[in-house]
Structures are given as C-alpha cells and as structure tokens.
Amino acid sequence: MSVAIDGFWRRARHTPIGAALRGRFDGQLDWRRRLAEAGLAEEPVRCVEQVVARSRLWMVERVEVAEELIAHFQDAQAAGVSPGQAVADFGDARQAARLIRRAKRAGRPLVWHAWWWATRGLLVLGVLYVAYAMALLTGRPIVSTDYVAEVNESVNRSPATSHAWPIYSAALQEIEESLGPMTAAEKLRAQGRYVAPLVRLWRRLPGNEGSGDGFDAWLQQNRAIIDKLHEAAAKPTLGLGVGPAQSFTPNACRLLGLGDPDQAVDPDDLWNGSLMNAMYPHQELRTIGQLVSLDGEAAVDERDASRAVASIRAIHGIADQAGEPPLHICMLIGSAVRRMADRLVARVLQEAPGLFDDAQLRDLAHLISKPTREPLHYLEGERAVFFDILQRSYTESGPGGGRLSAEGIATFGEEMDLDDSTVYAIRPLMRGGGQPGVLSSVSTHALAMLRMPVAAHSARTRHDECVAAGQRMRQAHDALQTPLWRHPRYASDERDARPGLLQMLSPSDRWMAERWHREEARREALLIAIALELHRREHDAWPGSLEELSPRWLPELPVDRINGGPLGYRVIDEQPVVYSLGIDGDDDGSRIPPAMDEEHAKAEGMTAFHEYRIGPPLTAEERRSPRKHDFRRDPTMSDGDWIIWPPDYVRSAKD
Amino acid sequence: MPKLDRELMRGAGPTAVLQLLAAGEKYGYELVEALTRQSDGVLAMGQSTLYPMLYNLEAKGLVKSRVDKTGARPRRYYRLTGKGEKKLVADRKQWSALFGALQSLSVLPDAPFGKPAGGAS
C-alpha cells in the first residue's frame, strides 16, 4: 500500500499540468525513473544523474537532457565501450552541467529572457535602494561651525567692566531675599517646583496675574534694588550670551528659573547645542524693564521728573541690552521694552506736559533719536540660525552637498510636507523611544523606512537650501532697505512649491520690515511730539504746520513712511494729531479706517482691528478691485489714516 | 595526432559539427564517433562539450532536433537548418581564407586549400 502511495505521489509530482488536469498521472517528467529503467551500469547512471541534477533546468528540459544522455551511454555500451571508459570519454560532469544549463537557457523563449532580466534588474535596483536607505539612515550631520559662538562673539569680546549682567544678577539675588518665603498661594501655583524670584515678582506686578496689591509697598522698601537696576541698565552691554556657556551657570539658572536648582545642571540635558534651542535669558529683561517702568509711572504720579527721566533712560538701556544678540526674538524683546519707555514719555506729554523742563525734554529727544539696531542686524542672526539648523539636519557630502538626514526628516518632515508615515516611523528610532513592539508594527515601520529615500529625495537638498537661503537673504536685505512707497519685493510673499527649511524657519521679511516701520514711526512721532511741546512752550500755541518745527526743534522733519510725502497734521480739540495718509494715500483728515472703529465694527458685525495694517501704498489694480475682508482691498480697512500721534487716538467718521 | 588547443577547438568545433550534419541528420553519439573517426582524433571533443554545443547551435537556430522513438531506444536527431547551411558556407570561406593565409606565410605546407585571392605570391 505504502509503495503504491509513493508511486502515485511520485507520478503526480512528475506529471505535466495538462496531463494532471486530464487525470492522467503518467509521471512523464520523472527522469530519475527513466534513468533507473535504462539498464545502464552504475557509473554512467551516476554521471547522468550528476549532470542533470546539477543543471537546475526546468523539469521538461531535464527530461530531454536525461533522455539524450541515456541514449548516449546506451550507444556507447552497444559499441562495446566499457562503462568506465564511456564516462571518462564523456568528460567532466560538472562542466557539462554548467554548459548545458547555459545553452538550454539561451534557447528559452524571449518572454522568459525578458522576465529574467527584469527580475535581476529589479533585484539590483532593490539592493541599491536598500543600500541608499541604509546610507541615509546611518548618515549623520556634521556640526562644523559654532554659530552660538558667532552670535556671542561681541559679548565675548567686550570687557567685563562693561557688563551689566553681574549687577542684574546681584539685583535678582536681592529680589529673591526681599520676597521671602513663598506664600501659600505661590506654593500652590508652583506645585512643588522652584519658581525664580523674577517670576514670583512678575506675578505680583499690576496687570499681570496678581492685582498689584503690595507692589507699591515693595517698591518703596526696595529702592536700592531699583537703583541697582538703573546702574546695570547704564552699562553698554549685557555681557550675557545665549546658550549654556554663560547662561547655565548654577547661579544664573537659579535666578532665571532654568532647570531645577536642587540638581546639578548638565547643559547637555537641557540643550543640544543648536542656536534655535539655545536659552535666551534676555527674555527676563522684559520683566526687569516692567519693574523699572512701573517705578517710572510711580515717579510721574509723584511728579518726580528726574526719577521719571532716569527710568526712561534706564528702560532704553535695558532695551538695547535685550536686543544685543542678533536674533529675531531679541529684536522683539528689545522693541517690547522700548515701548515701555515710549508709553511713559507719551503719558507725560499728554497728562503732565509741564513735568519735564526744556532741558529734560531735549535730553529725552536725543535719547529717543539715538539710532536703534536695524532689522539687518537681526537678519544676520537669522541667517546663522538657519545655517545652524541646516548643518544639524542635513548630511554633508562634499562641498555644499547633502540630503535631509533621518534626524532632519523626523524633526521637520511634517512641516516640509514629507510622507507622514515615514516621518512617524523614523521619529521613535531617532529619539530613542516608542520602539515598535509587535510584528505588524515592525513591518509597518520597515515599509515606512523603505520609503525614506523617497522622502529624502522629495525634500530640498542641502545645496538647494543654501541657494534658496542666499537668494532669500539678499531679497530680504533689499526689502528691508526699500521704503514702503517703492513697493519692496518681499521674499516671504513668494511660496515655493516644495516647502524647505528656509521657508519654515526664517521670519517673514514683510513682517520684519513692517514692524520696523511701525517702531520707527512711533519713535519719530515721539520726537515730533516733544518738538511740538517745545514749540508750544515758546509760542504758547501749536504750530500751524509741522514744517515750523524744523530745524529749530527737529533737525529733519520725518516723512510719511508709507507714501514718502509730508505727514498729515491737524489740531483737534486743542491737541495736535500727526498722521500718515495710509496705504490709500488719501488725506482723510486724521480719520481712522472704519474697521478700526469699535462702534462701526460692532454695527457691521465684524471684529475691530486695533492696529493700523501698514504696508506699501495700494496699487492701481488693488484700488480697482476691492475685496471684502482683504485688509488692503477692503475700503473699511484701508480707507483712513494711520495716526502716529497721539497713541491710542481714535477719530471715526462720526467725529 | 595532437589534440587542438581549447581556443582553436572552440572556433573549429561548431563548424565541424555543422559540416557533419550537412551530410544528413545525426544523433549525439553518432556525431562523437564521426568527429573522432573522420578527423583522425584531432577534433575528438569531450562529450561533455559536444552536447552543450549542440544545444547552443539549436538555441541559435543553426540546427534543429527531433526525437525518434521508432528505434530500439529513443534518440534525438539533429539536422541543419537553412540558417545553419548559410552559416556553414560562411564558415567554410573564413576557414579557407585563414588556411590560405597561413599557407602564404609558410605556416602551413602547400595543401589543397590553394592560395587566397590577392594573397602574397
């Protein structure tokens, strides 16, 4: 029975499909059976077996070869050649198998040849692809330039005697001592964590989280601290760089609330060395500026002119120090602090115009007219931030070449519109967590990893990024130096089809430029306001036009920053109003756009915007085609003037 | 007689097989015997080379095979195709030119090949 089954299955295995379908299991392709039944001696049988088995041909081909060789040895046997001699005459069986395999395959159909080459080609491509994926996965960026050192260069060069930080540091220490142990409310809010003294004080300041109760008393009791802050603000440089080298000293950490003061601070735990992730203790200068500003406000309340002037001067010093590092964030902090001083000056001019004497006003005018750092200073810093990220996200393959690394894909892949599943698969591998735990997850990750080269190729190359960065920086440089009335061409308005690092990371040059013009306009407005006050004191009346102020009180009369022409000027309710004609270029008699008017906006069911949206003058095309909710084309947003003095001035169509 | 160098055999072998098949179809062992006998053993090739050569000639379309099962044992017969005949004619000319040239250079003694047209006097 067993033999019968073996025989059947053996025949079944060696039956062509066509015969099997017809139910005829004849075992036609069983060349071994034929060989066994051929009546050959052992040596030729072994030889044939070796040749046919080693040829690794299709079964049909093996049968053909076996039959021919069987016939060959049978002929030799019939010719009286001994089996040993016949095998010797035949030659090397291995070589025969190899040559037969080659020759038989050469005779196969064209379709088979096409398939064979296609599969081999695909295999080679697959191997190359996997090798490339591995190279990308293992390729690590090379950090060759210390951009943090570049940014901190001016701080490191300045003499220690010019540094304000040691004095601020001592003042912060005293603030901590003055605050005493945490109150119950502070403890609850801190939730067991250490809270830096400046944060605790900030929360007590009026207008912040606290009601301001007790702050006046604190101010009275701690005049020495405020004097110390004034002393620090008078120093030409802060003397504190970004990054851990200087900021992460244990004392600085404790005072600024960086890390846990109960544990030794390891900079590597907190910072990967990149400029983008560096800590900027300069942010804390905003709170210090607020402290000094509140003291200045108190001085105005008490009509203490010299203390108020000293406060304004100190705030300017703090603003300059905050804006020292050429980084966009520092520009914003510097601007925010400077606005505190401007508010104080404006308050005095509006509420207590007689508080400052002429000399003090002139002194303040000189202080305010002192040029501040231009946006180009910060553009340079942003260039450093960009190239620092580039060297940390891209592999380096020679001069300027390289691909987005696995780390780069994991960090910026989403923003760069790369394949999400690839980004998510790479992320855990790069950050040491979330390893796939189950087989399905492993296969998903493996597939996603295989797509990595595609993702890396769809991202811009390092060279592309460098070229784009150079172009954008030049464009931004030009835009920041072009007056608004010449319609700057903003690089940030141009969108690339393939988002790159640059587009993602660099600040908008339009935003930078327009913010810069707003800041400058505010500064110029203050200078005009001081000149107007000095004119009023001398003539007991406001001037008939702004031209009367120059050159007696203003060496040069500022122009309309949007249109390049003269600024608008009116005296309304016995108060001077100075304004730009706005982007529509029409003199609306100091009327603000309707959308800036709370009442009008409410009646129209829209949200009022409180800041005039500055920009280049409207083009002829923009005037021709108004469009709702477009701040340039919607007349409710653009039909009006930009009031630069007094601040917070509102004059609507009703007035 | 000395056996031919492998490279020479590689060039001469297929022509010899085509020439033998020009006389009529033959099976493998018959070809082996004919090669040995008619070339006085010079073109006797290992049979491990002959069969792959036949498969190669078949793959190139120079010979065609058929299985004859009428005899005592099934045999695969090879015969020349039209393409094979043309190849043989071309090979003959080439070999003739080669031998003529070798004679002209006195590498070979005068033999029934004659001198190549335009060859050295």
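Predicted model: local features only at pLDDT ≥ 70, side-chain atom pairs only at ≥ 80, totals over all residues.

How many residues of chain A are in contact with how many residues of chain B? I found that 21 residues of chain A are in contact with 17 residues of chain B, where contact means that C-beta atoms placed from the backbone lie within 7 Å. Next I checked where the chain A side comes from: H5 (59-78), H6 (83-90) and H7 (93-106) of chain A each supply at least two residues. H7(A) gives the largest share, nine residues. I also sorted that side of chain A by class and got nine nonpolar, five polar and seven charged residues. My classes: nonpolar is Ala, Val, Leu, Ile, Met, Phe, Trp, Tyr, Cys and Pro, charged is Asp, Glu, Lys and Arg, and polar is the others, Gly among them.

Residues are numbered from 1 along each chain as its sequence is written, and chains are lettered from A and ligands numbered from 1 in the order in which they are written.

**Chain B**

I went through chain B and found four helices and three strands, in the pattern α-β-α-α-β-β-α along the sequence. Helices (H or I, at least four residues) and strands (E, at least two) are DSSP runs, numbered from the N terminus. I looked up burial too: 25% of the 121 residues in chain B are buried. Buried means 20 or more other C-beta atoms within 10 Å of the residue's own, exposed means 12 or fewer, and partly exposed is in between, with C-beta atoms placed from the backbone.

The strands make an open sheet in the order S1-S3-S2 (chain B), with antiparallel pairing; strands pair if DSSP finds at least two bridges between them. S1 (26-27) and S2 (63-68) of chain B are the edge strands. I traced six bridges from S2(B) to S3 (residues 75-80) of chain B, and the partner of B:Arg66 in S3(B) is B:Tyr77. H3 (residues 47-59) of chain B lies across S2 and S3 of chain B, at about 115° to S2(B). That angle is between N-to-C directions, from 0 to 180 degrees, with axes fitted to C-alpha atoms, for helices over the stretch in contact.

**One residue in chain A**

Why does A:Ile142 count as exposed? Because A:Ile142 has 12 C-beta neighbours inside 10 Å. I located A:Ile142 in the loop between H8 (110-138) and H9 (147-157) of chain A.

Conventions
Contact = placed C-beta atoms within 7 Å.
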